[in-house]
Amino acid sequence: MKFRLFGTCVTAGKKEVNELAISSSGELFTRTERKTQLTPVFKPFLEETVGNAMNQDVSFGGTPEIIHNGGSSTEWTGSAIQGTWNFADSGKISLASGVDQDSATFAEESPTTIDISGFTAITGKINLTTYNANNNDLDVEFDLAGTLVGNSVNLNDYIETTLLASEQSFAIPKGDMGLASQSVDGFTITLSRAGGPQVAFTMDDIQIEQTGTPLIFKVESLPNEPFHITELRLAFADTLAATVANGTAFGLAHDQILGVSALSTGIVFRRIEDSETVFAVTIKDLGDFLSTGSNLINAISDGTDTFFTLLIEFPEPIILRGQPKANFLAFTINDNLSGLTKFTAAARGAIVTSEV
């Protein structure tokens with residue numbers, strides 16, 4: 001026969017559930033279990049200068065610093081460190097039959113260095129011919145006289161890696177590369193390959209933008225308060241008559257976002273854990289939202305304006321914990337979304353407020 005006795009005690013201000021068990025042979029067993037209290041919360045994605053309004057125009061402009069654009073203006077000098085690179089492939093950079101650690105570098109020669117404080121982002125175009133993100137990474141970085149400046153980033157986190165044989169644009173905020181006011185004179189692209197077919201791609205129009213800053217909208221946890229996220233809700237509105245005859249369906253184009261045409265660079269959604277990107281997806285239109293797990297709900301229209309909500313549910317909660325600056329979810333806006341009258345996003349779930 002076994003006897004059990006349950007009780008609650010308070011240790012250092014935290015309640016514990018204790019179990020005392022005595023077996024028929026007289027042996028004594030104890031078990032202590034702390035209980036956590038979850039408080040439901042609704043947190044908007046926020047950017048420090050514009051709040052939760054994601055319908056912003058972040059179009060690039062000014063006079064960019066050209067790294068490579070097919071020879072139509074002064075460029076940095078490209079050379080291969082390893083691999084079969086072509087720097088004049090119909091005006092583009094190409095890598096054929098790429099293997100692990102194939103890399104190319106670009107050197108600025110006039111002026112000899114670039115002060116990055118006068119610029120905002122790194123942009124370019126890439127066309128993946130043979131590529132699998134499960135086996136390959138494309139790391140890009142800046143240097144000064146051969147010494148790394150800032151940090152490298154994986155281009156996989158800023159492009160659609162499943163889109164093959166079609167040119168796409170990318171934008172990397174300079175802050176993601178650890179850049180602020182440093183000087184640079186070199187740019188390097190490195191392929192890391194773990195297996196599969198040899199890699200092939202082309203790149204073009206690589207430049208450092210002078211104006212137009214990608215905006216990063218984040219949801220973070222607070223220190224010592226892990227955030228268990230179960231769903232995301234995105235709200236869109238635009239001046240658009242989206243109803244069809246007899247109200248049988250909403251007249252929403254899959255290759256637009258309401259009245260805004262498919263985005264050139266796209267909205268990048270990322271999960272950052274301990275300063276590392278563990279998940280990223282690029283979204284350019286409503287079809288991309290729906291095909292990556294969003295559900296269209298709460299669609300309404302008065303014949304002039306249309307509003308709808310996208311719901312993204314997670315089978316298991318995403319848990320944000322640790323330092324907020326190193327652990328967050330983010331939407332990065334890289335295009336002109338000012339044509340929308342509303343675009344916001346929020347995370348729903350619960351935070352661990354105490355142990356009970």
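Phenylalanine 269 and phenylalanine 331 are both buried, where buried stands for a relative accessible area under 20%, exposed for over 50%, and partly exposed for what lies in between, with a 1.4 Å probe and protein chains only. The model is predicted, so to speak of local features a pLDDT of at least 70 is needed, side-chain atom pairs count only at pLDDT 80 or more, and totals for chains, interfaces and linings use all residues. Residues are numbered from 1 along each chain as its sequence is written, and side-chain values use heavy atoms, with hydrogens and water left out.

**Exercise 1. Describe the aromatic pairs.**

Step one is the count: the structure holds eleven aromatic pairs, a pair being two rings of Phe, Tyr or Trp (its six-membered ring) with centres within 6.5 Å, called stacked if the planes are under 30 degrees apart, edge-to-face if over 60, and tilted for the rest.

Step two takes one of them, the edge-to-face pair of phenylalanine 236 and phenylalanine 289, with 5.6 Å from centre to centre and 70 degrees between the planes. This pair links distant parts of the chain, since phenylalanine 236 belongs to strand 19 (residues 227-238) and phenylalanine 289 to helix 1, 53 residues apart; helices (H or I, at least four residues) and strands (E, at least two) are DSSP runs, numbered from the N terminus. Phenylalanine 236 and phenylalanine 289 are both buried.

Step three turns to phenylalanine 269 and phenylalanine 331, which form a tilted pair at 4.7 Å centre to centre, with 35 degrees between the planes. Here too distant parts of the chain are linked, with phenylalanine 269 in strand 22 (residues 267-273) and phenylalanine 331 in strand 26 (residues 328-333), 62 residues apart.

**Exercise 2. Work out the surroundings of valine 219.**

Valine 219 is placed in strand 18 (residues 215-220), and its relative accessible area of 1% is why valine 219 counts as buried. Apart from neighbours within four places in sequence, valine 219 is in contact (heavy atoms within 4.5 Å) with residues including Lys43, Phe227, Phe328 and Ala347.

Lysine 43 lies over the face of phenylalanine 227, at 5.0 Å from the ring centre, and lysine 218 lies over the face of phenylalanine 328, at 4.2 Å from the ring centre.**Exercise 3. Locate aspartate 285 and list its polar contacts.**

Aspartate 285 lies in the loop between strand 23 (276-283) and helix 1 (286-291). The side chain of aspartate 285 reaches the backbone nitrogen of aspartate 288 at 2.9 Å, and a polar atom of that side chain lies 3.2 Å from the backbone nitrogen of glycine 287. Residues up to four places away in sequence aside, aspartate 285 touches His254, Asp255, Gln256, Ile257 and Ala262.

Technical notes:
A polar contact is a pair of N or O atoms within 3.5 Å; within protein, one must be able to donate a hydrogen and the other to accept it, and residues adjacent in sequence count only if both atoms are side-chain atoms. A charge sits over a ring if NZ of Lys or CZ of Arg is within 6 Å of the ring centre and within 35 degrees of the ring normal.
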